[in-house]
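Here's a quick briefing to read alongside the model. Have the structure open and follow along, one topic at a time.

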Amino acid sequence: MTETTNPTPSAVDTTPETRGLVPLPIAAARALLLAGGIATAASTFLAWTWTSEFPGDLTVTGYPGGLQWLTFTAGVLTTLFALAAYGVRGLGWLIPARNNAPLVLSALAGFGVTWYTVLAISTELGGLANLEPGAWVAAVASLIPLLGALALPEKATGDTKEHLKAYITKAERIPAPQDISPWLERAIITIVTIIGLGVFTYGIDTEYGELFIGYLIVVIFSLWALHTAGVLDRFSRLVAHNRSFTLAMGFAAAIAFPFTQSDDHYANIGVNILIFGTVALGLNIVVGLAGLLDLGYVAFLGVGAYTAALVSGSEFSTFSGVQFPFWAAALTGAAASLVFGVLIGAPTLRLRGDYLAIVTLGFGEIFRIAVNNMDGESGPDITNGPNGIPSIPDLSFFGFNLGQSHDIAGFTLGRFANYYLLMVLIMAIVVLVYTRAADSRIGRSWIAIREDETAATAMGINGFRVKLIAFALGATLAGLAGTVSAHVTYSVVPTPYQFAGSTPPNSAFLLAAVVLGGMGTVAGPILGAALLYLLPEKLVFLQDKSLLAFGIALILLMRFRPEGIIANRRRQLEFHETGQLDVPEQTTLTDTPGTVTKAGA
């Protein structure tokens with residue numbers, strides 16, 4: 001993207017008096033940063049250990065392997081930022097904010113993944129003796145750019161606290177880029193989409209926990225660096241100018257995902273992420289737009305799943321002689337969830353705040369206990385009690401059986417890949433419904449109710465009707481996703497449909513996905529569901545500590561980014577002092593002529 005200002009020799013203007021956290025001359029600091037980035041990338045071509053018992057085969061000299069590829073990526077990114085700070089022509093777009101924070105964060109990415117790998121080798125293989133000289137070279141090389149980056153000043157201040165604060169925040173005002181042609185904007189969006197698909201695919205394909213942890217280190221610090229550099233803000237402006245094209249590219253990348261997989265297990269992860277992302281998007285209507293805290297939302301997913309299981313031809317169903325086609329089963333499940341949403345919402349939505357949360361939590365528990373007791377002994381024989389409804393047959397469309405593998409354009413799509421593509425179609429419908437509803441008159445009413453229900457009611461908005469519509473629509477979307485979930489898992493049992501548990505789906509998981517990803521956005525809940533599903537899946541030791549991990553993640557998020565990973569513009573302005581609401585200096589009517597005061601927002 002073309003810049004409006006010429007690149008400067010360094011990311012920020014410096015004077016001989018200014019210094020960073022490390023007392024080094026500016027020229028030496030920049031040289032260390034560049035040399036260290038190159039050395040970090042080059043060190044991955046050396047052997048780091050002598051035995052192949054550590055996963056990833058780090059015993060080869062000549063090319064990287066396993067975790068070394070992540071160190072190589074971080075080293076290349078650090079080198080590019082260092083060259084941009086030198087003012088190399090063509091790289092000025094990497095640091096539009098003209099600050100040194102991205103230099104520090106990219107160096108931290110290389111340092112973090114390298115030292116994590118060295119410590120993991122030593123721990124798992126039984127001591128530092130298992131390290132080859134290449135590992136020591138990499139450890140020292142990754143430390144060099146970090147020292148250089150910390151020696152660069154962010155602001156002309158000697159206050160260490162202010163230095164640290166400046167390193168983790170981006171510039172308040174980023175120079176606007178020059179206008180570029182629409183085709184070039186779309187080309188940039190296409191390239192970013194391809195890179196994003198590659199990064200996501202790499203994360204899902206990680207075969208062992210150590211590689212996934214290293215992947216998280218590099219991705220988190222790299223995205224943080226791009227954010228503080230202002231690159232993500234620049235890209236968000238392109239997205240705002242090309243919303244329809246960006247949405248189309250996102251769905252194109254989603255469709256392309258199963259064609260990149262050789263193992264159907266990873267497609268299974270993908271289809272579950274889409275199912276829970278769809279449910280989280282429905283919850284986002286209730287919580288993010290309307291501001292209604294629903295702690296029993298997973299029950300609507302269960303209503304849809306049980307309804308589809310009853311009418312899809314399972315021999316264990318009470319209606320075993322009935323087998324609806326999928327479109328009819330999906331509509332039946334969505335309609336059942338809609339009815340339950342209205343029945344629960346009508347008497348409870350006159351409550352507010354904590355009282356509403358307690359009632360919805362009670363509804364979720366009532367649903368789980370009810371389906372657990374409908375076994376023919378404790379209650380009517382409908383749901384088969386704790387055994388659930390197994391043997392749900394696979395779906396079939398016009399002779400295309402989703403339970404069988406199919407060859408398409410030379411690619412073999414397994415069972416889960418077929419269901420994944422079905423969920424992409426359903427996700428497209430849900431996103432369309434969500435965006436149209438959010439941008440409509442009813443969507444603006446939801447936002448008004450969320451901000452101040454008393455004021456909205458005084459302005460003529462029927463608060464009860466508006467909230468009931470949000471509740472019913474959110475329940476319908478959850479029920480629609482539940483119909484697919486029943487066929488993907490072959491069976492439905494009451495165990496998962498609870499407030500909290502070690503595995504999704506549960507209400508705490510869905511609520512955490514919405515808050516973590518960003519309330520009131522489309523991509524936020526999907527991203528939150530992807531993160532919260534992948535972490536326990538890839539990090540086995542978190543299985544029994546998932547609630548603890550969710551709690552820690554939410555505390556950190558509320559402290560450092562309360563608006564969520566993907567921020568809604570309105571909420572971002574609410575939570576941060578961006579300076580965009582400042583009122584210019586005004587003259588007040590006082591006894592002293594010419595007295596000027598500054599009013600802040």
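Let's start with a helix pair: helix 2 and helix 3 (residues 101-125) pack at an angle of about 160°, and their axes are 9 Å apart. Helix 2 and helix 3 are therefore roughly antiparallel to each other, since angles over 145 degrees fall in that class. Keep in mind that this is a predicted model.

**Helix 2 against helix 3**
- On the helix 2 side, the contact is made by Leu 67, Leu 70, Thr 71, Ala 74, Leu 77, Thr 78, Phe 81, Ala 82 and Ala 85.
- Helix 3 answers with Pro 102, Leu 103, Ser 106, Ala 107, Ala 109, Gly 110, Val 113, Thr 114 and Thr 117.
- As for handedness, helix 2 passes helix 3 in a left-handed crossing.

**A closer look at Thr 71**
- Thr 71 sits in helix 2, which covers residues 67-86, and it is one of the residues making the contact with helix 3.
- Why does Thr 71 count as buried? Its relative accessibility is 0%, and the cut-off for buried is under 20%.
- Leaving out residues up to four places away in sequence, Thr 71 touches Thr 40, Thr 44, Trp 48, Val 113 and Thr 114.
- Val 113 and Thr 114 belong to the helix 3 side of the helix 2 contact.

**Helix 11 against helix 12**
- The axes of helix 11 (residues 298-311) and helix 12 (residues 326-348) come within 8 Å and cross at roughly 140°.
- That angle makes helix 11 oblique to helix 12.
- Here helix 11 passes helix 12 in a right-handed crossing.
- From helix 11, Phe 300, Val 303, Gly 304, Thr 307 and Val 311 do the meeting; their partners in helix 12 are Ala 329, Thr 332, Gly 333, Ala 336, Ser 337, Phe 340 and Gly 341.

**Pro 505 and its surroundings**
- Pro 505 is a loop residue, found between helix 17 (463-488) and helix 18 (507-517).
- Even so, Pro 505 is buried, with a relative accessible area of 10%.
- Setting aside neighbours within four places in sequence, Pro 505 is in contact with Phe 276, Val 298, Leu 301, Pro 496 and Tyr 497.
- Pro 505 and Leu 301 are 204 residues apart in sequence, yet their C-alpha atoms are 8.8 Å apart in space.

**Helix 18**
- 11 of the 11 residues of helix 18 are buried, so this helix is largely enclosed by the rest of the structure.
- The buried residues of helix 18 include Phe 509, Leu 510, Leu 511, Val 514, Val 515 and Leu 516, along with Ser 507 and Gly 517.
- After helix 18 comes Gly 518, with a positive phi near 135°.

**Helix 9**
- Helix 9 (residues 243-256) has 14 residues and reaches 20 Å from its first C-alpha to its last, close to the 20 Å expected at 1.5 Å a residue.
- Thr 246, Met 249, Phe 251, Ala 253 and Ala 254 are the buried residues here in helix 9.
- Their cover includes helix 6 (182-205), helix 8 (231-241) and helix 14 (415-438).

**The whole chain**
- The chain has 21 helices and six strands, and 47% of its 601 residues count as buried.
- Residues 24 or more positions apart account for 74% of the chain's contacts with a separation of 6 or more.

Methods:
Residues are numbered from 1 along each chain as its sequence is written. This is a predicted model: local features need pLDDT of at least 70, side-chain atom pairs count only at pLDDT 80 or more; totals for chains, interfaces and linings use all residues. Side-chain values use heavy atoms; hydrogens and water are left out. Helices (H or I, at least four residues) and strands (E, at least two) are DSSP runs, numbered from the N terminus. Buried means under 20% relative accessible area, exposed over 50%, partly exposed in between (1.4 Å probe, protein chains only). Contact means heavy atoms within 4.5 Å. The expected span of a helix is 1.5 Å times one less than its number of residues. Axes are lines fitted to C-alpha atoms, for helices over the stretch in contact, and angles run from 0 to 180 degrees between N-to-C directions. Angles under 35 degrees count as roughly parallel, over 145 as roughly antiparallel, 65 to 115 as roughly perpendicular and the rest as oblique. A crossing is left-handed if the near helix is turned anticlockwise from the far one by less than a right angle, and right-handed if clockwise.
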